[in-house]
Amino acid sequence: MIARFLPLVVVLVIGGFLYAGLSRDPSIIPSPLIDKSAPVFSANRLVEPDAALATFDSQGMLGSVWLLNVWASWCGPCIAEHPQLIAFAAERDVPLVGLNYKDDPADARAWLARYGDPFDAIVSDVGGEVGLDFGVYGVPETFVIDAEGRVRYKHVGPLDRQALDELLLPAVDALAVPAS
Amino acid sequence: MNSAWRRIGHGLSVALLTLALFAGGALPPATAAEPVVSFETDAQRERYDRLLTEYRCLKCQNQDLAGSNAALAGDLRREIRSRVIEGADDATIDSYLVARYGDFVRYRPRFSGVTLVLWIGPFVLLAIGLGVGWVMARRGQRGAGDPIVSDEGEPASGAAMDEARRLLDQR
């Protein structure tokens, strides 16, 4: 009796795995950095608030939850994502740091002048070294880093409003101490 | 006669030219675009070449680092090259890549709890298949010695056998 239904069971199990595989996006690779310390870096800023602040040091962010958004002026999907970053900056009191990945600084500044600048600081990663340490493989990417300097969430690809509301904001709100 | 030879000669030169064009076009694009990578020793070059085939380009997932023209693959080639020249061992280079891109970057997955199914799964499936085949073969053997049975599973009645013999004799 059991032997009679065994082929059916095998087909259902294999079919179940294959069906689950259909809805997974193979281009999204889980980051090994999740829950580990984010790479420490110090690099030139794209926009200098004043001469004393020519470099950005990631260790200066310890103690607060922050976002690192990897973008570039050559990146098409970044344009689609940008309104969500502007909304994020308006809706949350969480520092938003841009990582301008493999970009020409002049192009990047022109791009910000055109689409708006929601960033609290922007790191200029012309050679892509910082991006390499963060395991960036597709732009845009967004990292949520907690007060202890650990990566807690990574979003690969452009954030649309739904991804912002359902994925990124909950990840941030779970960490950020509500503003008093 | 003369013109026929000329035509053959013309055809031959066209064929040769086509061949030459194809041969030129068949050069791997990576070697054409990449600056020549220099090493101090041949051993370093061999290690570099071997390492490039063991890691995946994450931008174009079905190419290794050696075959990919993506900028990311170029960056990783450069990192691997500088580490090979520094004399870093394979484990150091491996952990550098895995720390940034995860196990997925390796073409040969590590043997761990997560990848257990990946490594043992095929052998388990093979064992199940052989087991099923063995049981079926045994059943078939046993069946071969059994008396002739009718559709209802009962031994064919004497009348039916007589009828069958009669039909056979008719031919």
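How many helices and strands does the secondary structure of chain A come to? In this predicted model, chain A has five helices and seven strands. Following the sequence, these elements come in the order α-β-β-β-α-β-α-β-α-β-β-α.

The overall dimensions of chain A come next. Its C-alpha atoms fill a box of roughly 80 × 40 × 30 Å along the principal axes. The radius of gyration of chain A is 20 Å, whereas a compact globule of 180 residues would have one near 16 Å. Of the 180 residues in chain A, 32% are buried. Among the contacts in chain A with a separation of 6 or more, 71% are between residues 24 or more positions apart.

Strand β6 of chain A covers residues 141-145. Are the residues of β6(A) mostly covered or mostly open? The strand is mostly covered, since five of its five residues count as buried. Their side chains can be sorted by direction: Glu141(A), Phe143(A) and Ile145(A) point one way from β6(A), while Thr142(A) and Val144(A) point the other way. Residues on both sides of β6(A) are buried, including the charged Glu141(A).

Which strands does β6(A) pair with? One partner is strand β3 of chain A, residues 66-71, which runs antiparallel to β6(A) and is joined to it by five bridges. Within this pairing, Asn69(A) has Thr142(A) of β6(A) as its bridge partner. Another partner is strand β7 of chain A, residues 151-156, which also pairs with β6(A) in the antiparallel sense, over five bridges. Here Phe143(A) has Lys154(A) of β7(A) as its bridge partner. Strands β6(A) and β7(A) form a hairpin with five residues between the strands. In that hairpin, Gly149(A) takes a positive phi near 85 degrees.

The model also holds a second chain, and the two chains touch. The contact takes eleven residues from chain A and eleven residues from chain B. On the side of chain B that touches chain A, the elements giving two or more residues are α4 (71-86) and α5 (90-101) of chain B. Of the elements there, α5(B) gives the most, with four residues. By type, the residues on this side of chain B divide into six nonpolar, two polar and three charged.

Definitions and conventions
Residues are numbered from 1 along each chain as its sequence is written. Chains are lettered from A and ligands numbered from 1 in the order in which they are written. This is a predicted model: local features need pLDDT of at least 70, side-chain atom pairs count only at pLDDT 80 or more; totals for chains, interfaces and linings use all residues. Two residues are in contact if their C-beta atoms, placed from the backbone, lie within 7 Å. The radius of gyration is taken over C-alpha atoms; the globule rule is 2.2 Å times the number of residues to the power 0.38. A residue is buried if 20 or more other C-beta atoms lie within 10 Å of its own, exposed if 12 or fewer, and partly exposed in between; C-beta atoms are placed from the backbone. Two strands pair if DSSP finds at least two bridges between them.
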